[in-house]
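Let's take a friendly look at a protein together. Keep the sequence and the 3D view side by side as you read.

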Amino acid sequence: MPNFTIDELVIPANIDAPDAAGFIEMTHVRNEIEAETMGNRDLAYEPAELLPHWQDPYQPQICLVARIDGRIVARAIYETPIEEGSRDAWLGIEVLPAFRRQGIGSALYERLDALCTAEGRTVQQGFFIHARSDQSEQLASPTGFGSVPLDNPETRFLLARGFELEQVERVSRLPLPVDNGDIGALLDAARSAAGAHYRIVRWTGRTPGKWLTGIALLHQRMSTDAPSAALEVSEERWDEDRIRSLDDRRDDSPRTMLVVAAEHVPTGSLAGFSELSIPPERDRPVEQQDTLVLKEHRGHRLGMLLKLANLQYLAETHPGHPAVTTFNAEENRPMLAVNEAIGFVPIAYAGGWKKVLSAG
Ligand SMILES: CC(C)(COP(=O)(O)OP(=O)(O)OC[C@H]1O[C@@H](n2cnc3c(N)ncnc32)[C@H](O)[C@@H]1OP(=O)(O)O)[C@@H](O)C(=O)NCCC(=O)NCCS
């Protein structure tokens with residue numbers, strides 16, 4: 001057993017602060033582990049891009065780091081919803097490949113488990129990207145859609161600790177640029193299917209005051225309307241203050257957010273939205289964030305319209321990025337159908353895992 005220590009990581013006020021070194025090192029460790037699992041750096045984040053996520057007062061997180069001789073070799077995440085009555089905790093454990101199979105992952109899990117017990121969090125959950133393994137037998141998702149390799153270390157680790165696979169998400173990638181003619185034709189078809197009752201509005205960065213309430217509702221519904229299988233997801237409370245807090249954190253990030261929304265013209269309210277997060281360097285992929293059409297506005301091709309309108313906005317304002325990446329539940333056929341029609345292809349799969357502890 002190596003001599004390692006486990007401590008809570010300091011989350012600095014900003015990336016130039018004197019106490020930011022640990023956070024910066026943790027981000028590089030995160031990226032190394034993800035690159036090994038994914039086989040590329042498509043989803044890597046720079047420390048200044050990751051920091052705002054750790055400063056969200058609405059989604060408090062604790063990061064534990066394991067160190068050997070002062071160097072960070074592993075990290076664990078403990079995230080808890082603030083919603084009244086929620087009993088779920090979202091966990092993550094990642095160990096650098098050279099330090100695996102030495103008990104560090106187990107020790108980190110024990111610390112997370114103790115935190116859950118201390119705080120009465122009886123549902124432990126997490127999403128983990130599984131490295132592709134064509135040789136391995138597959139563990140099927142109980143949703144009936146998708147599977148993960150049974151023989152992978154993380155699958156063995158989770159099963160040995162009593163976790164069950166609940167859902168599989170597909171990570172997809174759209175190579176850019178998309179042919180302008182293709183986008184134009186699909187966009188025209190989606191626009192005429194949506195009809196005159198819907199109009200696209202779009203902006204970069206902070207939410208215009210006019211749309212604060214509408215965007216708050218869309219974020220709240222994102223927590224209840226996206227397919228979550230048997231995972232426990234608390235309904236999040238979103239209001240104008242929470243949107244402004246999100247805007248502030250996005251302002252602090254070097255990334256740029258492009259937002260496209262569909263206005264329902266007769267009522268002047270928002271029916272759906274789609275967000276793209278753009279890194280400052282042109283050679284890095286763009287990340288698709290939330291896309292949602294309110295239930296009462298489905299069936300008008302708004303999902304397709306929103307995605308295409310944002311890809312067009314991206315091509316106009318930030319051309320030259322190599323790709324767009326996105327995560328979708330494997331059973332989310334309507335969203336996958338849109339993505340596949342546009343040209344997204346699967347590049348990886350993530351498992352949603354859950355363990356229910358007996359209360360008390
Ligand atoms: C999963 C992971 C965190 C395990 O970390 P680790 O430090 O290697 O874990 P440990 O040494 O404490 O292993 C504990 C147990 O997990 C299981 N396990 C871990 N790696 C395994 C492997 N390669 N094959 C089979 N079982 C394995 C075993 O039951 C092992 O106990 P044992 O060594 O007594 O047989 C690590 O492989 C990792 O970081 N993977 C990438 C990130 C990830 O997928 N995280 C999500 C899982 S929480």
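Here we visit some backbone features and then the nonpolar cores.

## About the model

This is a predicted model, in which local features need pLDDT of at least 70, side-chain atom pairs count only at pLDDT 80 or more, and totals for chains, interfaces and linings use all residues. Residues are numbered from 1 along each chain as its sequence is written.

Most residues other than glycine have a negative phi, and most peptide bonds are trans. Yet D69, although not a glycine, has a positive phi of about 50 degrees, and A229, also not a glycine, has a positive phi of about 50 degrees. The peptide bond from L176 to P177 is cis, with omega near 0 degrees.

You can find D69 in the loop between β2 (61-68) and β3 (71-79). Helices (H or I, at least four residues) and strands (E, at least two) are DSSP runs, numbered from the N terminus. A229 sits in the loop between α6 (212-225) and α7 (240-252), and P177 in the loop between β8 (164-175) and α5 (180-194).

## Buried or exposed?

A residue is buried if 20 or more other C-beta atoms lie within 10 Å of its own, exposed if 12 or fewer, and partly exposed in between, with C-beta atoms placed from the backbone. D69 is exposed, with 9 such atoms within 10 Å, whereas A229 is buried, with 20.

## The nonpolar cores

A nonpolar core is a set of buried Ala, Val, Leu, Ile, Met, Phe, Trp, Tyr and Cys residues joined through C-beta atoms within 7 Å. The largest one has 36 residues, and A262, F273, L302 and L305 have the most contacts inside it. Its largest share, eight residues, comes from α8.

A second, separate core has 22 residues, including M26, L51, V73 and A89.
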